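Please take a moment to look over the sequence and the structure shown below. The paragraphs after them are meant to be read with both at hand.

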Amino acid sequence: METDRDCYPKDFPQLQNDTFLRAARGEETEHVPVWCMRQAGRYLPEFRESRAGKDFFETCQTPAACCELTLQPLRRFPFDAAIIFSDILVVPQAMGMDVQMVAGKGPTFPEPLKEPEDLQRLRVKVDVGKELGYVFKAITLTRHKIEGKVPLIGFTGAPWTLMSYMIEGGGSNTHSKAKRWLYRHPEASHMLLRMLTDVIVEYLLGQVAAGAQALQVFESHAGILGPVEFKEFALPYLRDIARRVKDKLKEAGQDVPMIVFAKDGHYALEDLSQSHYEVVGLDWTIDPQSARERTGGKVSLQGNMDPCALYAPKERISDIVKKMLEGFGTRAYIANLGHGLYPDMDPESVGAFVEAVHTHSRQMIKQK
Ligand SMILES: Cc1c2[nH]c(c1CCC(=O)O)Cc1[nH]c(c(CCC(=O)O)c1C)Cc1[nH]c(c(CCC(=O)O)c1C)Cc1[nH]c(c(C)c1CCC(=O)O)C2
């Protein structure tokens, strides 16, 4: 049951496993920490049962449901971090756009942005506490209920990824509508990216105030851009977010590690490693050793096993994990998949992945 105490972001239970936070800061650990993107998801029967018949965004707006879904994977597997159950598209909603989750189709905007004039439909000043207070409540409640077992990660979509959804109106192969804006309406594009950045900064600070112990920024659509467009329309905003969030947190004497995950953005790896994030997340298209070389030991790395490797037999998963650990090394490294888990994956394979990371990394660290 939810109690009054659970509603306040104070007196949180003490953290017992800070392996993830130490690895994010590049410190020595006893084992390599591990978590999975989409660890709270449809591959778990208990998740499907909790979500059955309920609207996706209504679930996101119900703190007790978000808390339960966040905790479910922790009851099964010894993950070293939890990520709050929510969605990146709650930010466009907070800015005044309608977004629905359509079964079999994914997120859908009935009225996407078409032309620069449509920016007038967005809220000029977003009251983040009012519009997204339900996420903050979910984070605070979860920090109490997680009982200090592992740190809780908050997250947001990055400006370019959210802009592309707001213009495409949903998933897309080419993202040509959103990219059309970059080439035809660069000023309006920058205006929208700036508006998103302002909301995101407030949103991330609100998540930390509510109890988030680390923050991940998802630039899921980095691969749609090339290096030139990424440098103009994505990177400056990613940097601005980290800089502004960190400056504000510093004033309050807080230090919260930040992770940037630019899917298929390997062309930008050098730049990403110099963007004020402690951790750079990687998809599976980059080799661990070359990622280390290109980031020059400046950041911790997170990733990057191909999620589909979880379809392999358990022994093979263990071998793949071992190679991955040898490639990254055990220091300044957080094991994860290169993208989220898929609904048809076997929970047992996820367990095998987590176990392989812990077992192999403990051995490697002992032998050092
Ligand atoms: C692009 C993106 C979205 N949402 C998110 C991203 C960035 C990460 C990425 O690149 O995948 C981020 C996200 N979405 C969700 C989380 C929760 C935490 C976790 O990772 O466990 C996180 C971190 C829950 C969710 N978000 C969604 C689900 C599945 C739908 C459901 O539960 O009914 C979950 C568990 C829905 C969603 N939401 C979105 C998509 C494309 C989908 C899939 C639609 C589908 O497959 O039908 C937008």
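What follows is a guided reading that begins with the model as a whole and then turns to its parts.

This is a predicted model, in which local features need a pLDDT of at least 70, side-chain atom pairs count only at pLDDT 80 or more, and totals for chains, interfaces and linings use all residues. Residues are numbered from 1 along each chain as its sequence is written. The protein chain averages a pLDDT of 97, and 100% of the residues score at least 70, where pLDDT is the predictor's confidence in each residue, from 0 to 100. The scores for the model are ipTM 0.94 and pTM 0.97.

A ligand is present, and 22 residues surround it, the closest being Arg38, Ala40, Gly106, Phe218 and Ser220; a residue is near a molecule if its C-beta atom, placed from the backbone, lies within 6 Å of it. This shell is made up of 11 nonpolar, six polar and five charged residues, with Ala, Val, Leu, Ile, Met, Phe, Trp, Tyr, Cys and Pro counted as nonpolar, Asp, Glu, Lys and Arg as charged, and the others, Gly among them, as polar.

In soluble globular proteins, nonpolar side chains tend to be buried together. Here the largest nonpolar core has 117 residues, and those with the most contacts inside it are Val91, Ile153, Leu215, Val217 and Ala234. Such a core is a set of buried Ala, Val, Leu, Ile, Met, Phe, Trp, Tyr and Cys residues joined through C-beta atoms within 7 Å, and a residue is buried if 20 or more other C-beta atoms lie within 10 Å of its own, exposed if 12 or fewer, and partly exposed in between. Helix 10 (residues 186-210) gives the largest share of this core, 11 residues; helices (H or I, at least four residues) and strands (E, at least two) are DSSP runs, numbered from the N terminus. Leaving aside neighbours within four places in sequence, Val217 is in contact with Thr156, Ala158, Leu238, Ile241, Met258, Ile259, Val260 and Phe261, two residues being in contact if their C-beta atoms, placed from the backbone, lie within 7 Å.

Glycine 154 lies in strand 4 (residues 152-157) and is buried, because 24 other C-beta atoms are within 10 Å. Apart from residues up to four places away in sequence, Glycine 154 touches Ile84, Ile139, Leu204, Gln207, Val208, Ala212 and Leu215. Helix 8 is followed by glycine 169, whose phi is positive, near 85°. In the loop between helix 8 and helix 9 (176-184) is histidine 175, which has a positive phi of about 55° although it is not a glycine. Histidine 175 counts as partly exposed because it has 18 C-beta neighbours inside 10 Å.

Threonine 140 has its place in helix 7 (residues 133-145) and is buried, with 24 other C-beta atoms within 10 Å. Its contacts, not counting residues up to four places away in sequence, are Cys7, Tyr8, Pro9, Ala210 and Gly211. The C-alpha atoms of threonine 140 and lysine 10 are separated by 8.5 Å, although the two are 130 residues apart along the chain. Aspartate 11, in the segment before helix 1 (19-24), has a positive phi of about 55° although it is not a glycine, and it counts as exposed because it has 8 C-beta neighbours inside 10 Å.

Alanine 268 lies in the loop between strand 6 (258-262) and helix 13 (269-272), and it counts as buried because it has 23 C-beta neighbours inside 10 Å. Not counting residues up to four places away in sequence, alanine 268 touches Ala222, Pro227, Phe230, Leu235 and Ala262. Asparagine 304, for its part, is in strand 8 (residues 300-305), and the peptide bond leading from glycine 303 to asparagine 304 is cis, with omega near -15°.
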